[in-house]
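Please look over the structure shown below, together with its sequence, before reading on.

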Amino acid sequence: SALYITNNSQLQASHVLVADNGVQHAGDAPCFGPIVAVNSTAQVEYLRVVGNSTLCSNGMAALAHLSLASAARFEHAVFHGNMMYELKEEEGSDPPEGGILLMESSLKLYNSSFSENEGHASAVNGIGAKISLESSCSTFDGEANDLFSGVDDPRGQSGNIGQAPSFQDVSSEHGMGWNVHLSSDSPLVGAGCQTDLDEKVNMNPNDSSPDIGAYGGYEADLW
């Protein structure tokens, strides 16, 4: 994994790019995607998770894995074009897991977007008890059955929508070269909401709505 935090650790970061990482594992043990938190907390503002791939016999999470009472908050995040492949997919077997996997953990999402990620439950997958998803002003592009498992679809409430982001250019072979600035006609322009972090720094005195994604909000120009 690109980011791995465990043993009651705490991660607080901003402007993080996780791109083009590949995980390949042929054994029976589960393998995970680019972000893993075990009994830990993570708060990341301005996050781009793009073009990562996981190829495993027992893949568990294409985007992030939160377990054992972990808690994560992602704000102004873009999850785009990440893939989970099954190394030896048998006929009639369940599809490989994708998305952010919650196991006895909680996730808060603000002003974030999920699009063109592959794998079962390619946005959020909740397993077991004591799981919590809180999402505001985020977009999840796709069918509910493809995006969510074990958690409720948050679209249609708290400013969450189901629109494709319309990025400027994601035609490059590698995610590192993708331009995930929003096009001028993107439905995510002005569709975000101010959070306590915006209010804390008082950078939006006119109470304007930020864009959803990694280039909206009060520190979008610090990439």
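## A buried serine in a loop

Ser-186 has a relative accessible area of 6% and is therefore buried, in a model that is predicted. The residue belongs to the loop that runs between strand 20 and helix 2. When residues up to four places away in sequence are not counted, Ser-186 touches Pro-165 and Ser-166.

## Overall make-up

The protein contains two helices and 20 strands, and 47% of its 223 residues count as buried. Taking the contacts between residues at least 6 apart in sequence, 73% join residues that are at least 24 apart.

On the surface, Leu-17, Met-176 and Trp-223 form a nonpolar patch, whose accessible area comes to about 270 Å² together. Of these residues, Leu-17 has its place in strand 2, which covers residues 10-19, and with a relative accessibility of 32% Leu-17 counts as partly exposed.

## The nonpolar cores

The largest nonpolar core is made up of 27 residues, and those with the most contacts inside it are Leu-47, Phe-74, Phe-79, Ile-100, Leu-107 and Phe-114. Two or more residues of this core come from each of strand 2, strand 5 (35-38), strand 6 (41-50), strand 9 (64-67), strand 10 (71-80), strand 12 (100-103) and strand 13 (106-110). A second, separate core has 11 residues, including Val-78, Phe-167, Leu-182 and Ala-214.

Which residues does Ile-100 touch, not counting residues up to four places away in sequence? The contacts of Ile-100 are Leu-63, Ala-64, Leu-66, Phe-74, Phe-79, Leu-107, Phe-114, Ala-123, Val-124 and Asn-125. Among these partners, Phe-74, Phe-79, Leu-107 and Phe-114 are also listed with Ile-100 as residues with the most contacts inside the largest core.

His-80 is found in strand 10 and, at 4% relative accessibility, counts as buried. Leaving aside neighbours within four places in sequence, His-80 is in contact with Val-49, Val-50, Gly-51, Ser-115, Glu-116, Asn-117, Phe-167, Val-170 and Trp-178. One of these contacts, Phe-167, is included in the second core.

Asn-82 lies in the loop between strand 10 and strand 11 (83-86); the relative accessible area of Asn-82 is 0%, so this residue is buried. Although Asn-82 and Leu-63 are 19 residues apart along the chain, their C-alpha atoms are separated by 7.1 Å.

## Charged pairs

Side chains of opposite charge can pair when their charged atoms come close. The structure holds two salt bridges. In one of them, the side chains of Glu-75 and Arg-73 meet with an N to O distance of 3.0 Å. Glu-75 counts as buried because its relative accessibility is 2%, and Arg-73, with a relative accessible area of 14%, is buried as well.

A salt bridge also links Arg-155 with Asp-153, and here the closest N and O atoms are 2.9 Å apart. Asp-153 has a relative accessible area of 27% and is therefore partly exposed.

## The disulfide

One disulfide is present in the structure; it is formed by Cys-137 and Cys-193, with their sulfur atoms 2.5 Å apart. The torsion about the S-S bond of this pair is about 130°, so the disulfide is right-handed. Because Cys-137 lies in the loop between strand 16 (132-136) and strand 17 (139-140), and Cys-193 lies in the loop between strand 20 (179-182) and helix 2 (196-201), the pair ties together parts that are 56 residues apart in sequence. With a relative accessible area of 8%, Cys-137 is buried.

## Residues with positive phi

Asn-7 is not a glycine, although its phi is positive, at about 60°. Asn-7 is found in the loop between strand 1 (3-6) and strand 2, where, at 65% relative accessibility, it counts as exposed.

His-15 likewise has a positive phi, of about 55°, although it is not a glycine. The place of His-15 is within strand 2.

Notes: Residues are numbered from 1 along each chain as its sequence is written. This is a predicted model: local features need pLDDT of at least 70, side-chain atom pairs count only at pLDDT 80 or more; totals for chains, interfaces and linings use all residues. Side-chain values use heavy atoms; hydrogens and water are left out. Helices (H or I, at least four residues) and strands (E, at least two) are DSSP runs, numbered from the N terminus. Buried means under 20% relative accessible area, exposed over 50%, partly exposed in between (1.4 Å probe, protein chains only). Contact means heavy atoms within 4.5 Å. Patches are made of residues with over 30% relative accessible area and no salt bridge: like charges are joined within 9 Å, nonpolar side chains (Val, Leu, Ile, Met, Phe, Trp, Tyr) within 5 Å. Accessible areas come from the Shrake-Rupley method with a 1.4 Å probe; for residues, only the protein chains shown count as cover. A salt bridge is a side-chain nitrogen of Lys or Arg within 4 Å of a carboxyl oxygen of Asp or Glu. A nonpolar core is a set of buried Ala, Val, Leu, Ile, Met, Phe, Trp, Tyr and Cys residues joined through side-chain atoms within 4.5 Å. A disulfide is a pair of cysteine sulfur atoms within 2.5 Å.
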